[in-house]
There are 4 protein chains.
Amino acid sequence: MRYTVGCRLAYAVETETVFIFNLEVARLERHRDLQETFRVTPDLPVRRLVAPVTGNRYAAVTVPPGAFSLDYEARVTLDPHRADPAGIGETPVKDLPLDILPYLLPSRFVSSDRLTPFAQAEFGDAAPGFERVSRICNWIHDHIAYVRGASDEETTADETLLKRAGVCRDFAHLGAAFCRALGIPARFVSCYAYGLVPCDFHAVFEAYLDGRWWLFDATRQANLDGLVRIGVGRDAAEIAFATPFGEMRPTGMEIRIDRVDGAPETGERTVAAISTAEAGPDAADGLR
Amino acid sequence: MRYTVGCRLAYAVETETVFIFNLEVARLERHRDLQETFRVTPDLPVRRLVAPVTGNRYAAVTVPPGAFSLDYEARVTLDPHRADPAGIGETPVKDLPLDILPYLLPSRFVSSDRLTPFAQAEFGDAAPGFERVSRICNWIHDHIAYVRGASDEETTADETLLKRAGVCRDFAHLGAAFCRALGIPARFVSCYAYGLVPCDFHAVFEAYLDGRWWLFDATRQANLDGLVRIGVGRDAAEIAFATPFGEMRPTGMEIRIDRVDGAPETGERTVAAISTAEAGPDAADGLR
Amino acid sequence: MRYTVGCRLAYAVETETVFIFNLEVARLERHRDLQETFRVTPDLPVRRLVAPVTGNRYAAVTVPPGAFSLDYEARVTLDPHRADPAGIGETPVKDLPLDILPYLLPSRFVSSDRLTPFAQAEFGDAAPGFERVSRICNWIHDHIAYVRGASDEETTADETLLKRAGVCRDFAHLGAAFCRALGIPARFVSCYAYGLVPCDFHAVFEAYLDGRWWLFDATRQANLDGLVRIGVGRDAAEIAFATPFGEMRPTGMEIRIDRVDGAPETGERTVAAISTAEAGPDAADGLR
Amino acid sequence: MRYTVGCRLAYAVETETVFIFNLEVARLERHRDLQETFRVTPDLPVRRLVAPVTGNRYAAVTVPPGAFSLDYEARVTLDPHRADPAGIGETPVKDLPLDILPYLLPSRFVSSDRLTPFAQAEFGDAAPGFERVSRICNWIHDHIAYVRGASDEETTADETLLKRAGVCRDFAHLGAAFCRALGIPARFVSCYAYGLVPCDFHAVFEAYLDGRWWLFDATRQANLDGLVRIGVGRDAAEIAFATPFGEMRPTGMEIRIDRVDGAPETGERTVAAISTAEAGPDAADGLR
């Protein structure tokens, strides 16, 4: 499946502002034939970083006062790894690659340490592996209402559990928190999501099972087949699409994703397990 | 200055337990002539990871029920970079290496987002650079009491500010939180600390100023010259000296540090700024 | 049923300490033939208050340094109002006596405002009245573990919900919080509890239904028939059995309750709804 | 000084809604010659409660769907007790009337238990009495910014301390919390405030010193001489000007206060200590 994705962000900058953007398509092997354009107006120097293990891409621009905009467009063919969910078990902690440890630990918004008793009580008896994480997603879908404005940028997973409401960011934080609380590594993923209405940046989570990162979306708002990954991190803090340092205000934002492979649109959701990150970051990097 | 450091940890293991230890001396250029022994009893296989940028070292052991102990001993010569504090200014955000960004963001125990108004009000007017971070340390020293048992493993920086009491872990979290809230990258450092009474694992923090990581200890309990680094991370979650998965209980713990270079002990504290991490992780790794 | 209850509290007082005790049997109409002795050693003056609406009794003693103890013993016949739970509905807010309003509001440990979405989602569909409150109690009994040491004196109802563990105080706070979140007035009750093992001060809650306060005990540790009330309040803060101002430490505590009516002990729990407070505090006081 | 105060509140009621209003001038001895009109449109029955100790007045109306409004107007002569602040000391806990105890305890928004170390460290050394409470007010005025929208209806005193911003409600909660943390009874007061710009319901706090409740306003936005009291409680939860149960939305709100005694307006603030509540509620009620 080939997609075209893009966004346009506009700002009125009041004092010199450093923007760090994380909105370009991640550099992953399973993101094939990536073609893209990235343009800022006015035409200012851009500093760049591609994180070596995750493929996250950061672009930093120092912007003087005045109007500023960013246009990004990319074409990419997704070639996800697919598998039968039934065969996907849990990796025992003793077999986890050591560099995955950070994704077992609590982070600012994924307060897994506070949710351990709750997670053990609700999901401790579930069959381990993909099934347990699916039960977590079903529980979140059934118990948390998707309500715009229900949360803010300081909302943590335990607060979402009490408020029983949130947006995609909160669903992903809560899913990751339950997983970590149960000893399953989990991380936060930002993406362009085919089928999301209205179109916006989306957030889902990945759980590490049987030696691989698998995608889960407790909101059920988009097809796992149609997630074009931007970044991955411990939680939303790490991969905000824009982190500004300075005084400015957003004046416009458009996000797009379309399918460009000519295949007929069936509207069906995949029932396969889907993985787009590599089999384990450590494998590629030989850290051990 | 040459030091010998070491520890002995003992456990009664009740169910098979995976331990991840982070207590070996970090692999840093300024840790010269490192000689060490690491032994577990019974003699079990040890999996190892040296994190590529930070030099943190992780050792994982899967332990069957029964008695278990670990003995570690190392000799290392510290060759810190020293500078006159007066000349150390702040690095503007626009000049920060992009891979330092994570150390500007809030983390589980370094709740810098909640402390921003407090930090701005107390330290916003201070002279930027080393002096501002010194003022932060002085404020913490003067306002937070060092009280064993005042905190637990879920205590966050904002809670410490209200409780007005904590241990080295809390002092380091609060110092790092104030820095991040002011746009100064900061991170948590675990170490062996010469002069600490009673001897124990110690925690301090580093702030990134003028292109380098500088050590700060708001507890004033040890000499900055005598800190033998173990690990560095966003906060204590990332570099616990032992992270056990399984049922066990500690049965003993001894930590040692001694000076072995024969130089006379003056008891004087350094007044220089001290840096032992490299000039910027990105520089070494060519990430940009 | 006639009971004898009592307690002995001993303290080592280090600086002059004002104790406010709330451990005497409440002055209620349904507490019949109350006979009691209250003695402090050394023999110091005692200031007293009987709260006019609730019947709570406070005794204040100013104690100089040295050993101090209090002995209390009472005999009382409980004559509770009993009813068939099936017939007990909810009082609509529009018919609530206005002086009951405080028991609808959040208080320090009964954080009902934070639990409203959770309560609505779990219990919003239950049949109103006694049945809904019974469902709340069953839910708490099934989801919260009774664990000594799981909480401290600052633990709030929302924290108990996350920790999934607590003691009687926490069970009562959570029950009251769910009720208030659903528009049912609820309050915290301290008592001597026949059948509690080991014997201790106990805490339950009352919900206001159909014009009366009814007792509920989500811990299921004692018989509702055998609760000899001490005090009632918004939460534990208001009716601590001892509130000391000064430096002292407890050196002993014994609590007793026995049945003295000669009736055979069947061990059966009542299935009736039980009420011992008057039909509405306002009724007695003519406040409207 | 004679004042005319009043308000007009309008609502669009969507489902039958029970409103409990607390906006009428309190029935206090020092509120002399109170004349008033209270009218609801449509003309619906009003249930009323005057709380016996505090003089708080509650009015309950059950409103069907449609437009609803309330008009209140009152004339009252304030005859406050005045005293020289220099002579006002603290009442030792051992001499406090027992029915004042609730105002020493933490409540939902006055989280004095969490602020005890902070209060002790900042104000523990101040001269006891009026001067210590004045220092608390000065500290709040100097450290907390008055910012509309900085808080919401769940904001607690400890959160305000971290956010360093709030509105009158938050200033009063924090002032009361610091007092309680230091053993000084304190409570929350709602009022009409002469001189407040723009005119609105105002909130201040009272501290109990030398056998009397004294008014304090850490916002410094109105003259203590010109506060026409509505209600008093542990915190804002207890005396909201309107507590609605049902679906409705506010469509208008006007609040008025004017001086009608013909005396020239000097704009001067009083420097006397001001008390309008009676010398101790217990005194009037003979509870001891």
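How much area is buried between chain C and chain A? In this predicted model, where local features need pLDDT of at least 70, side-chain atom pairs count only at pLDDT 80 or more and totals for chains, interfaces and linings use all residues, side-chain values rest on heavy atoms, with hydrogens and water left out. Residues are numbered from 1 along each chain as its sequence is written, while chains are lettered from A and ligands numbered from 1 in the order in which they are written.

The buried area (accessible area, 1.4 Å probe, that two parts lose on being put together, summed over both) is about 1100 Å² for chain C and chain A, and carbon and sulfur atoms give 61% of it. On the side of chain C, Phe118(C), Leu162(C) and Arg164(C) lose the most area to chain A, together 56% of what that side buries. Contact (heavy atoms within 4.5 Å) joins 13 residues of chain C to 13 residues of chain A. The copies meet through the same surface, because 100% of the interface residues of chain C are also interface residues in chain A.

Within chain C, Val133(C), Ile136(C), Trp139(C) and Ile140(C) in H2(C) meet Phe171(C), Leu174(C), Gly175(C), Phe178(C) and Cys179(C) in H4(C).

Key
Helix = DSSP H or I, 4+ residues; strand = E, 2+ residues; numbered from the N terminus.
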